[in-house]
Structures are given as C-alpha cells and as structure tokens.
Amino acid sequence: MRASQKDFENAMNQVKLLKKDPGNEVKLKLYALYKQATEGPCNMPKPGVFDLINKAKWDAWNTLGSLPKETARQNYVDLVSSLSSSLESSSQVEPGTDRKSTGYETLMVTSEDGITKITLNRPAKKNAINIEMYHEIMRALKAASKDDSSITVLTGNGDYYSSGNDLTNFTDIPPGGVEEKAKNSAILLREFVGCFIDFPKPLIAMVNGPAVGISVTILGLFDAVYASDRATEMLVFGKKLTAGEACAQGLVTEVFPDSTFQKEVWTRLKAFAKLPPNAMRISKEVIRNREKEKLHAVNAEECSVLQERWLSDECMNAVMNFLSRKSNL
Ligand SMILES: CCCCCCCCCCC/C=C/C(=O)SCCNC(=O)CCNC(=O)[C@H](O)C(C)(C)COP(=O)(O)OP(=O)(O)OC[C@H]1O[C@@H](n2cnc3c(N)ncnc32)[C@H](O)[C@@H]1OP(=O)(O)O
C-alpha cells in the first residue's frame, strides 16, 4: 500500500492545518521524511556544532540513511495522518469508522482494510526498544487482539526494523539497586514475549531493515516474516545474517528487493485480510495450543537466565562500551 504523490501533497497541506504544534521532535521527523521523499538521502553538508537548528535538521535527515523515497513518502503520510487524528478532538472521529488509533509515544498504530499495523517509531534511535516501547507494544497487541481487524502487522519506521533492547534501559537504576532492576526487567521481558506467544490472530513481521537482538528472537513467534533484502539479522557471535541466509534457516518466510518490498508485501497482506477471520484465528489457535505451554516454559527459563546474565561483568562491560563509544571518538 504506497502513498501516491496526491496523498503526499494532501499530507503536506494537512500539516499546515494542524490545530496544535506537534513539537520539535515530530517537526524534525516531518522535515526529514519530506526531504528524503523529495530529494533522497541527505545531501547537505553537515552544519557546524554551533549551528544547532540546522545540525538538528541535518541529523534527522541523515538518520534516514538510504530509505527509499517511496517509503519516506509513505511514512510521511502515515505520520501526518496519525498526527491529524491525535491532534483533533476524539469526538470528531465517527465511532466504528476505520480510524488511526493514537495515544502512543513510541509507536504509530493504524487500523484499516482489516489490517492493524504497528510501526516502531523511534527512527532516530534505530527503533531501539526502551521500557516505554515494551509497554506500548504490549498495549497495542492487546488492542489489536480485540479490534475488528483480521491480521496484525509489525514493522519499523526509518532505515532499521529495530536495533533491539535500548541499552540505556541499563542506566536508570532504582533505589533497590541493579538486582531489583534485573528482577523487574525479567518480569517485563517475560510478559512482553508472552504477549507474542498468546497473540490470537495471524501476526506478520515486515522487516524493513536491519534487526538486532530481541527484535530477531521474537520473529520465531510470528506467523509470517517478510524481509527486505536490506534487512540483516544479528544474533549469536554478533554475526550478521543476510535476509536470504535467515530465509534459508527458516526464520524469514520470503525476501523481496527493497524497491518492491512494500508493494509486494501489502499485496499479500490485503489478500490475507480478506480470508475468513475466524478460520485463520482458529487454525492458529489449534497449531499454537500444542506448543504454548512449552513456549511459556522456555520463556520463563530464558528470562531467569537473562536476569542473572544482566548482572555479569560481560554484560555491564558490553553496555558501557556501547554507551561510551562516541565519547571515545
Ligand atoms: C540491569 C538489567 C537491565 C535490563 C533492562 C531490560 C532488558 C531487556 C532485554 C531483553 C533482551 C534483549 C536483548 C537485546 O536486544 S540485545 C541487542 C541490543 N542492541 C544492541 O546491542 C545494538 C546496539 N546498537 C548498535 O550496535 C548500533 O547502534 C547499530 C549497529 C544498531 C547501528 O549503528 P549505526 O552506526 O548505524 O548508528 P548509531 O550507532 O549511530 O545509532 C544511531 C542512534 O541510535 C542509538 N541506538 C542505536 N541502537 C541503540 C540501542 N540498541 N540502544 C540505545 N541506543 C541505540 C545510538 O546510540 C545513536 O544515538 P545518538 O545519535 O544519540 O548517538
């Protein structure tokens, strides 16, 4: 499903009609997506450190990397659409119509044509999953399991699908100390993965770019995984798997050239969404019920092991190396 030039122009006009200032972060996102959609990858010289406004605009645009113009245009339209509904008063949205669901800080969620799309929306941080995003993904999945859509899709905004756990999650240590943080994180992670194990509808991943860590390991709980050939998976040994290698290993269902990824996948999704929803849901239930108990047991064991690993020197050193890497430049 690709936004047309007309959709793009309409979205540009909608921005001018927004009743409330969406804030600097959103305005930078809009600026970056507009430039990427109209000019392609960032082509302006990097401003000086004291040229704060242009440096912020350059950073926002440059972060989009080699995101295709069509994808940037689609993301611009999606963003404006979610802004328009979130900045309008909710009473203006007719009950029961296809509506852009709002109320998320780290996600964009839309639901139309029988498809609920959850987009990880922290492109400046490669869609790293912070504590807020863990909770919002669970909330969005719970809402999707009850809405009138037939299938649910998870994808990423920007040039990454997701760089996995946000490593700054390791920094805000509560009064109870790092042991308490590890304990609470294990509970959060177990609940998070449990939502994917228990999700009742067909769940499809659109891996639009590189994926790291937990964003890869939960792919095994999806019913289909479509990947752009720009996608890479990073797992054990820190070795990057190409999308093709991940497909050969059975982690990815099908790989498409990035230039046709959105079109190819949305053609399939719209066809799937027209299939009998109860038949799809009950088929998934029958298949998943046979493995659900085992999956939850493995999830519990993994979270218990992770709780201990997070306290190890190996983990702390890796996190500190990452968080201090730019200060060593
Ligand atoms: C005490 C216990 C606490 C537990 C807390 C909860 C634990 C739950 C854990 C659940 C299990 C999950 C495990 C995992 O997912 S492990 C994998 C974690 N992810 C990573 O290690 C990837 C880290 N990122 C990178 O290696 C690179 O950023 C990357 C290769 C992804 C991209 O490199 P590139 O050079 O292209 O871009 P930048 O590095 O400049 O990134 C752009 C900005 O985005 C920020 N960023 C990117 N990834 C992350 C991340 N994972 N966490 C935090 N921030 C991230 C990066 O810092 C840049 O930001 P700035 O522009 O502000 O510098």
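1. Two strands are taken as paired if DSSP finds at least two bridges between them. In this predicted model, strand β3 (residues 151–156) runs parallel to strand β4 (residues 203–207) and is joined to β4 by four bridges, with L154 standing opposite A205 in β4.

2. That pair belongs to an open sheet of six strands, ordered β1-β2-β3-β4-β6-β9, in which the pairing is mixed. The edge positions are taken by β1 (107–112) and β9 (254–256), and because each has a single partner strand, one side of each is left without a neighbour in the sheet. From one strand to the next, the twist averages 20°.

3. Strand β6 pairs in the parallel sense with β4 over four bridges, where I204 has A224 as its bridge partner in β6, and β6 also pairs in the parallel sense with β9, here over three bridges, with S228 standing opposite F256 in β9.

4. Five of the five residues of β6 (residues 224–228) are buried, so this strand is largely enclosed by the rest of the structure.

5. The buried residues in α9 are D258, F261, Q262, V265, W266 and L269; because they cover an arc of only 100° around the axis, they lie on the same side of α9. S259 and K263, on the other side of α9, are exposed.

Key. Residues numbered from 1 in each chain as written. Predicted model: local features only at pLDDT ≥ 70, side-chain atom pairs only at ≥ 80, totals over all residues. Heavy atoms only, no water. Buried < 20%, exposed > 50% of the residue type's maximum accessible area, 1.4 Å probe, protein only. Helix = DSSP H or I, 4+ residues; strand = E, 2+ residues; numbered from the N terminus. Arc of directions from axis to C-beta. Axes fitted to C-alpha atoms, helices over the stretch in contact; angles between N-to-C directions.
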